[in-house]
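Thanks for coming. Please have the sequence and the model open while I talk.

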Amino acid sequence: MKKSWILIVSFLVVGLVFSPSAWCKSKTIKIGINAPMTGDIPKVGEGTKFAAQMWLEDINKAGGLKVGDKTYKVELVLEDNESKAESAVKAATKMIVEDEVLAIVGPQASKQAVPAGAVCNSYKTPMISPWSTNPDTTKDRPFVFRGCFLDPFQGPVLANFITQEFHFSKAAVLYDVASDYPKGLAEFFQEAWEKLHGAGSVVAYESFTTKDTDFSSQLTKIIRSGAEVLFTPQYYNEVALIVQQAHELGWNKPIVGSDSWGSAETVKLCGEDCYGLFFSTHYAAAGATGDTKAFIDRYNKTYGYVPDDVGALTWDSIRIVQTAIQNCGEITGKIEKDRQCVRDALAKIKEFDGITGKMTFTEEGDPLKCAVIVRISDKGEFEFYKSVCP
Amino acid sequence: MQINNSLSPENKRLADRLRDSFAQVPLLAWLCGVLGAVLLERFFGDPLTEILGLPKIPALFGAGIVLKKPQLIPGTVAFLFLIYVVPVIVIPRLFGSILNRLAGWFFRLSPAVSVAIHLTLLYMILSLWADISGYRLLTLKLTLIAVIVTLSLNVINGYMGEFSCSHPGFLALGAYTASVFTLFFFVDDKVFGAAFLPKFLGPFMFPLALILGGVVAAIGAIAIAIPSFRTRGDYLAIISLAFMFIVKSIIENLEFVRGPRGLSSQPNYVDLPTVFIWTVAAVWIINNFVRSTTGKALNAVRDDEMAADAMTVNTRRTKILAFLFAAFWAGVAGGLFAHVLRYVNPGTFGIQKLAEVLAMVYFGGLNSVYGSIVGAVSLSLLGEVLRPLEIFKWIIIPLLLILVMIYRPTGLIAFKDFDVMKLIRPKEKT
């Protein structure tokens with residue numbers, strides 16, 4: 001009994017002695033990163049983390065973040081949202097309440113960004129989702145912003161591009177009915193296409209379910225329908241299967257995709273079948289110039305692969321937050337006031353010069369920015385082909 | 001060897017002494033102890049964190065701080081010791097006998113009064129604890145909902161002994177029904193248009209939304225209950241798994257609930273009292289159900305269906321009843337879940353949710369209300385606390401499960417009766 005008391009007392013003494021007594025609360029600016037480090041899309045989480053770390057390196061090299069005439073240390077608070085809605089909500093709440101972050105970057109996927117956005121809005125904390133394309137994420141939420149263009153913009157961009165480039169009038173669509181993003185984009189594309197070419201010009205509108213791997217029945221229908229082009233807004237793992245199976249079944253017309261194609265894995269899995277195909281995205285890695293090239297080269301050198309759009313959009317989003325904090329002019333240390341100030345500064349940002357294009361926020365918190373049409377070159381690189389602006 | 005020999009009797013004596021000195025402590029005293037701890041935290045938590053150099057009051061027993069900044073470990077341990085351990089030991093020790101007499105007095109007055117007093121104390125503890133931060137509140141709400149889900153699954157998997165995988169489907173049915181109900185009647189949104197009824201009615205009608213969710217889930221459960229007359233074991237597991245996928249794909253293809261995009265902006269009706277009342281109701285009703293004649297019939301069906309049939313147990317009725325009952329509570333939990341997150345999408349109710357719920361049931365213990373509570377609380381908190389470890393979390397928790405399965409194959413606290421009367425009764429001197 002005596003021994004245990006001595007142990008406890010010594011623990012307390014050690015606790016008192018070694019605790020850093022001067023805890024500086026107001027001297028650091030904390031920025032939250034809400035990323036899917038585990039779960040369905042860990043690669044997205046990794047890209048987010050790496051881009052954020054590169055940004056932190058820059059800030060630390062400069063000795064801190066200069067706001068007004070004071071320099072503050074910056075701390076990143078990374079939380080794993082496990083690619084689950086409930087964990088994203090918990091992570092956002094934890095960062096806001098416990099860590100007292102000034103602003104949050106992420107979550108990336110809409111299924112987490114929509115509920116996390118509600119939390120951030122109710123706690124009056126600015127949040128910017130780099131990658132979420134669901135209109136609900138920012139709708140009626142003054143504190144929530146996003147770093148990418150929306151599907152209602154991307155659908156018409158692709159429809160116009162195909163019409164102008166190939167002069168086709170009959171299109172087919174193949175999409176995943178169980179997944180939020182492909183389904184939404186497929187609908188917007190169909191709407192835009194039928195506006196251009198009249199009702200019924202989407203001759204085949206076929207769907208499948210997440211984790212399906214055999215698309216032959218849908219593709220056969222599409223081939224029989226007499227479509228001239230196939231649009232498939234899928235993720236990289238499905239793109240490879242769809243393109244390869246289409247070619248095996250004798251499809252030799254163009255296949256067009258959306259920004260979800262823009263992963264380094266697409267070409268790795270798809271191989272030569274994907275060469276020469278077009279898709280719309282946020283930026284083109286091959287043939288990039290200026291800041292974009294500098295970012296890509298640095299990322300490639302540090303982490304060993306060319307960053308996909310998540311990395312680039314996260315980089316832009318976190319720099320937008322930085323700009324907003326600096327535009328704010330003063331950090332008072334009262335977190336509610338500072339958050340409001342950052343939010344107001346974010347809403348006022350005009351012509352922000354990001355590596356994925358120039359951005360200006362609308363009232364909803366969505367950016368007006370250009371889309372890029374990319375061609376997969378014969379070397380398997382994503383080549384800039386054309387830029388389409390709203 | 002020598003050290004071991006010399007230590008073990010002393011250790012044993014210490015353990016015995018501890019057990020003896022706390023054997024006479026009634027539940028009332030323990031609750032008072034914990035209440036003391038949360039009050040202490042409320043009034044002296046902030047000054048103490050400053051003295052110890054902690055950035056804030058540790059939200060979930062300091063796990064977050066410890067994982068991020070190891071240099072704060074001594075401070076955190078000191079904080080936990082002073083705030084939690086000291087009052088929880090000192091108060092029952094000092095006031096144990098007085099509170100024991102008090103508990104006896106309450107009990108003789110009326111067991112119902114005694115139960116009410118215990119529950120009030122429990123609610124005070126939870127609300128004071130959760131009041132410290134919004135993060136605690138959210139975690140607590142989700143944990144309480146997990147208790148309902150786990151308990152309802154235990155009725156089928158533990159008490160009836162069928163391996164049902166359909167619970168995420170029931171949750172989804174409840175969550176969507178309750179969400180559609182509240183969104184349709186009380187919210188101006190773009191899916192269902194303007195609110196149908198005045199908004200101030202919303203919180204009063206919310207129980208109806210939950211019950212409706214439960215009823216729809218129960219109707220869905222008939223689809224599982226009927227095949228369960230003919231199949232058992234693996235086959236029923238497969239059928240119920242199919243049910244889960246069917247529910248998920250139906251919702252994904254239903255345009256009026258916005259398919260895979262999910263429903264958002266549910267009204268904020270679920271505060272702590274609501275979750276607490278529903279959880280207490282679920283525990284109380286499910287506990288009474290499993291201790292009733294029907295509950296014993298469930299056990300009979302599990303142990304030997306043919307013998308039970310021969311002994312006049314109506315096995316069909318029993319099975320249907322158990323499935324409907326369990327699905328009802330899962331539906332209620334789903335409705336609460338949707339209104340805590342204020343967002344539902346079909347992707348949430350997939351195989352991962354199933355794994356979570358099954359893990360809670362089997363970790364805590366089959367055929368036991370205690371077990372379900374312990375399993376749900378420990379895995380929810382553990383999952384949240386270990387989240388910063390990222391990928392290692394998914395190694396540590398399964399490892400724990402494996403260890404439990406090796407050393408306690410039926411779960412931590414299995415086959416134990418949850419007797420409320422015994423729990424609140426004062427301890428008698430032996």
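Which residues is B:L336 in contact with, leaving aside its neighbours within four places in sequence? They are B:I145, B:I148, B:F206, B:L210, B:V270 and B:W278, where contact means heavy atoms within 4.5 Å.

Before going on, the ground rules. This is a predicted model, in which local features need pLDDT of at least 70 and side-chain atom pairs count only at pLDDT 80 or more, while totals for chains, interfaces and linings use all residues. Residues are numbered from 1 along each chain as its sequence is written, chains are lettered from A and ligands numbered from 1 in the order in which they are written, and side-chain values use heavy atoms, with hydrogens and water left out.

Back to B:L336. Together with B:W329, B:L336 has the most contacts inside the largest nonpolar core, which has 142 residues. A nonpolar core here is a set of buried Ala, Val, Leu, Ile, Met, Phe, Trp, Tyr and Cys residues joined through side-chain atoms within 4.5 Å; buried means under 20% relative accessible area, with a 1.4 Å probe and protein chains only. Helix 6 of chain B, residues 134–160, gives the most to this core, with 16 residues. Helices are DSSP runs of H or I of at least four residues, strands are runs of E of at least two, and both are numbered from the N terminus. Another core, of 46 residues, lies apart from it and includes A:A51 and A:V342.

On confidence: pLDDT is the predictor's confidence in each residue, from 0 to 100. Chain B has a mean of 89, and 97% of its residues reach 70 or more. Where pLDDT is low, the predicted coordinates should not be read in detail.

Now a sheet in chain A.

Strand 12 and strand 13 of chain A form a hairpin with two residues between them. A:F352 stands opposite A:M359, and A:G354 opposite A:G357. In the other hairpin, of strands 13 and 14 of chain A, five residues lie between the strands, and A:G365 takes a positive phi near 90 degrees. There, A:T360 stands opposite A:L368.

Technical notes: Two strands pair if DSSP finds at least two bridges between them. Buried means under 20% relative accessible area, exposed over 50%, partly exposed in between (1.4 Å probe, protein chains only).
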